[in-house]
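Please walk me through this structure in the viewer, one selection at a time. Tell me what to pick next and what is found there.

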Amino acid sequence: MLIHIGFGNIVNTSKIIAIVSPESAPIKRLVQNAKEKGMAIDATQGRKTKSVLVMENSQVVLSALLPETIAGRVHLGQETENPEGELL
């Protein structure tokens, strides 16, 4: 399933490991290391980063939406799928 993370950017929810706030020092280091390795995707359109999505393949996606907003969209999307994974 895909969810909108702001400014027309969409991610695959099955590949998300964590949605976290960018404020803590360990997350700042994670983001900096990902940028240095070319593994960061900036989907903020120049806005302040409010959430960091850690993906299965060690990539990080930066979003200008709050973690609660993205998590709500993931949760809402799971409720609208039937057991076969098709949208209702």
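## Start at Met55

Select Met55 and show its surroundings. Leaving aside residues up to four places away in sequence, Met55 touches Val11, Asn12, Lys15, Ile16, Ile17 and Val61. This is a predicted model.

Now widen the selection to the largest nonpolar core, to which Met55 belongs along with Ile3, Ile5, Val11, Ile16, Ala43, Leu53, Val61, Leu65, Ile70 and Val74, 11 residues in total. At least two residues of this core come from each of β1 (2–6), β5 and α2.

## The whole chain

Zoom out and colour by secondary structure. The protein has 2 helices and 6 strands, and their order from the N terminus is β-β-β-α-β-β-β-α. The C-alpha trace spans about 40 × 25 × 20 Å along its principal axes. For 88 residues, a compact globule would have a radius of gyration near 12 Å, and the 13 Å of this protein agrees with that. Of these 88 residues, 32% count as buried. Among contacts between residues at least 6 apart in sequence, 50% join residues at least 24 apart.

## The sheet

Next, select β3, β5, β6 and β4. They form an open sheet of 4 strands in that order, with mixed pairing. Because β3 (16–20) and β4 (40–42) stand at the edges with a single partner strand each, one side of each has no neighbour in the sheet. On average, neighbouring strands of this sheet are turned by 20 degrees against each other, direction ignored.

Go through the pairings one by one:

- β3 with β5 (residues 51–55): antiparallel, over 4 bridges. Look for Ile16, which stands opposite Met55.
- β5 with β6: antiparallel, joined by 4 bridges. Here Val52 stands opposite Leu62.
- β4 with β6: parallel, joined by 3 bridges. Asp42 has Leu62 as its bridge partner in β6.

Stay with β5 and β6 for a moment. The two strands form a hairpin with 4 residues between them, and Ser58 in the turn has a positive phi of about 70 degrees.

Which residues of β6 are buried on one side and on the other? Val60 and Leu62 lie on one side, Val61 and Ser63 on the other, and all are buried, which leaves both faces of β6 covered.

## The helices

## A loop and the surface

Move to Gly38, in the loop between α1 and β4. Is Gly38 buried or exposed? Its relative accessible area is 55%, and exposed means over 50%, so Gly38 is exposed. Draw a distance from Gly38 to Ser14: the two are 24 residues apart along the chain, and their C-alpha atoms are separated by 22 Å.

The protein exposes about 5,600 Å², of which carbon and sulfur atoms supply 54%.

Notes: Residues are numbered from 1 along each chain as its sequence is written. This is a predicted model: local features need pLDDT of at least 70, side-chain atom pairs count only at pLDDT 80 or more; totals for chains, interfaces and linings use all residues. Side-chain values use heavy atoms; hydrogens and water are left out. Two strands pair if DSSP finds at least two bridges between them. Axes are lines fitted to C-alpha atoms, for helices over the stretch in contact, and angles run from 0 to 180 degrees between N-to-C directions. Buried means under 20% relative accessible area, exposed over 50%, partly exposed in between (1.4 Å probe, protein chains only). A nonpolar core is a set of buried Ala, Val, Leu, Ile, Met, Phe, Trp, Tyr and Cys residues joined through side-chain atoms within 4.5 Å. Contact means heavy atoms within 4.5 Å. The radius of gyration is taken over C-alpha atoms; the globule rule is 2.2 Å times the number of residues to the power 0.38. Accessible areas come from the Shrake-Rupley method with a 1.4 Å probe; for residues, only the protein chains shown count as cover.
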